[in-house]
Amino acid sequence: MAAGGRGNGCKGIHMPYTAKHRFARISPTKVRPIARLIKGMPVPKALETLHFSPKRGAKMLEKVLRSAVANAGVEAEPDEMFVQDARVDGGPAATGTKRWIPVSRGMAHPIKKRTSHIMVTVEQTQAQGEV
């Protein structure tokens, strides 16, 4: 395993831990403001913010954030971590022929069901004595 990886006993090396939720059935424009809100926050505060947010995308982001913290395992304490990056990219828009919206001149366009790729990266905060 490479230096700085998991399980090699290297203390003082902080790795970012990432979790993804791909093809989430929600529009990216609905989740991006919530992702911007938690970026740079300590993990406990971000979890509290997401838990009490009434938005549907906040519940998805909370699950991804909990997964990123779990990916860190026993190497990092959740209280000493912060949200390094929270990104929401657009996934493929499902344009099935099930539903159509009428447009001018007797035509119809398919209704696009937008999807998102939600990615959260957490990292351990630097201690006072570390560089």
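This is a predicted model: local features need pLDDT of at least 70, side-chain atom pairs count only at pLDDT 80 or more; totals for chains, interfaces and linings use all residues.
Student: How many bridges join strand 2 to strand 5?

Tutor: Nine bridges link that antiparallel pair. Strand 1 also pairs with strand 5 (residues 116-124) in the antiparallel sense, over six bridges.

Student: What is the bridge partner of A24 in strand 5?

Tutor: A24 is partnered with S116. Moving along strand 5, you find I118 opposite H21.

Student: How many residues of strand 5 are buried?

Tutor: To read burial, check whether the relative accessible area of a residue is under 20%. Nine of the nine residues of strand 5 are buried, so this strand is largely enclosed by the rest of the structure.

Student: Which residues point one way from strand 5, and which the other way?

Tutor: S116, I118, V120, V122 and Q124 point one way, while H117, M119, T121 and E123 point the other way. Residues on both sides are buried.

Student: Let's take one of them. Is T121 buried or exposed?

Tutor: T121 is buried, because its relative accessible area is 9%, and the cut-off for burial is under 20%. This residue belongs to strand 5.

Student: What does T121 touch?

Tutor: Leaving aside residues up to four places away in sequence, T121 touches P16, Y17, T18, F82, V83, Q84 and D85. With T18 there is also a polar contact of 3.3 Å between the two side chains.

Student: How many residues does helix 3 have, and what span is expected?

Tutor: Helix 3 has 17 residues and reaches 26 Å from its first C-alpha to its last, which is close to the 24 Å expected at 1.5 Å a residue. Just after this helix, G73 takes a positive phi of about 65°.

Student: Which residues of helix 3 are buried?

Tutor: Here is the general idea. An α-helix has 3.6 residues a turn, so residues three or four places apart point the same way. In helix 3, the buried residues are G57, A58, M60, L61, E62, V64, L65, A68, V69 and A72. Their cover includes strand 1, helix 1, helix 2 (43-51), strand 2 and strand 5.

Student: And the whole protein: what order do its elements run in from the N terminus?

Tutor: The order is β-α-α-α-β-β-β-β, made up of three helices and five strands. Of the 131 residues, 34% are buried. Among contacts with a separation of 6 or more, residues 24 or more positions apart account for 73%. The exposed surface comes to about 8,600 Å², with carbon and sulfur atoms supplying 55% of it.

Key. Residues are numbered from 1 along each chain as its sequence is written. Side-chain values use heavy atoms; hydrogens and water are left out. Two strands pair if DSSP finds at least two bridges between them. Helices (H or I, at least four residues) and strands (E, at least two) are DSSP runs, numbered from the N terminus. Buried means under 20% relative accessible area, exposed over 50%, partly exposed in between (1.4 Å probe, protein chains only). A polar contact is a pair of N or O atoms within 3.5 Å; within protein, one must be able to donate a hydrogen and the other to accept it, and residues adjacent in sequence count only if both atoms are side-chain atoms. Contact means heavy atoms within 4.5 Å. Accessible areas come from the Shrake-Rupley method with a 1.4 Å probe; for residues, only the protein chains shown count as cover. The expected span of a helix is 1.5 Å times one less than its number of residues.
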